[in-house]
Amino acid sequence: MTARMTGVIFSDLGLASSFMGLDWVQQSLERSLGFRPFPATLNVRPRAAADEQTWRRVQTDPGGKPLAAAEGGYCSAKLFPIVILPGESSAAEKIAAAILLPEVKDYPNDKIEIVAPVRLKDHLGVRDGDLLAWEFLN
């Protein structure tokens, strides 16, 4: 079954950039995903109730790829490969990406962090409040 979602882009505290900039994180993500990610994440929230349901279902999927913690007290995470779908005002091509879900207590249920080989806001010409659609890869 192919799952699709739409989320609303928002800015957060910017804490992921320090984690994403670590050499071991970059190397591990490159091994797992096949690309070296831009050292930050794009934050989105599910747009509608159906998107929330899809996200809850995906979070419990045993198919997520593990990203084991290595050093510095950082947490482990799960990776869910996705493809970002073209939007009306954005680039015409699909973009390989992944959702990085930190495995920490009290992590917000509605926060989705996306990693990609490019800075998505610039590449897609999107900003906070815009919609982003993606499809989960099996």
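**Note on the buried helix faces and ring contacts**

1. In helix α3 (residues 49–59) of this predicted model, the buried residues are Asp51, Thr54, Trp55 and Val58, where buried means under 20% relative accessible area with a 1.4 Å probe and protein chains only. Their directions from the helix axis to the C-beta atoms cover an arc of only 100 degrees, which puts them on the same side of α3. Helices (H or I, at least four residues) and strands (E, at least two) are DSSP runs numbered from the N terminus.

2. The cover over these buried α3 residues, with contact taken as heavy atoms within 4.5 Å, includes β1 (4–10), β2 (42–46), β4 (77–84), β5 (95–102), β6 (112–115) and β7 (131–136).

3. A search of the whole structure finds one aromatic pair, for which ring centres of Phe, Tyr or Trp (its six-membered ring) must lie within 6.5 Å, with planes under 30 degrees apart counted as stacked, over 60 as edge-to-face and the rest as tilted. The rings of Trp55 and Phe80 have centres 6.3 Å apart and planes at 80 degrees, so the pair is edge-to-face. It links Trp55 in helix α3 with Phe80 in strand β4, 25 residues apart, and both residues are buried.

4. In helix α2 (residues 23–33), the buried residues are Trp24, Val25, Gln26, Ser28, Leu29 and Leu33; Gly34, which follows α2, has a positive phi, near 85 degrees.

5. On the basis of the model, residues are numbered from 1 along each chain as its sequence is written, and side-chain values use heavy atoms, without hydrogens and water. Local features need pLDDT of at least 70 and side-chain atom pairs count only at pLDDT 80 or more, whereas totals for chains, interfaces and linings use all residues.

Methods:
Buried < 20%, exposed > 50% of the residue type's maximum accessible area, 1.4 Å probe, protein only.
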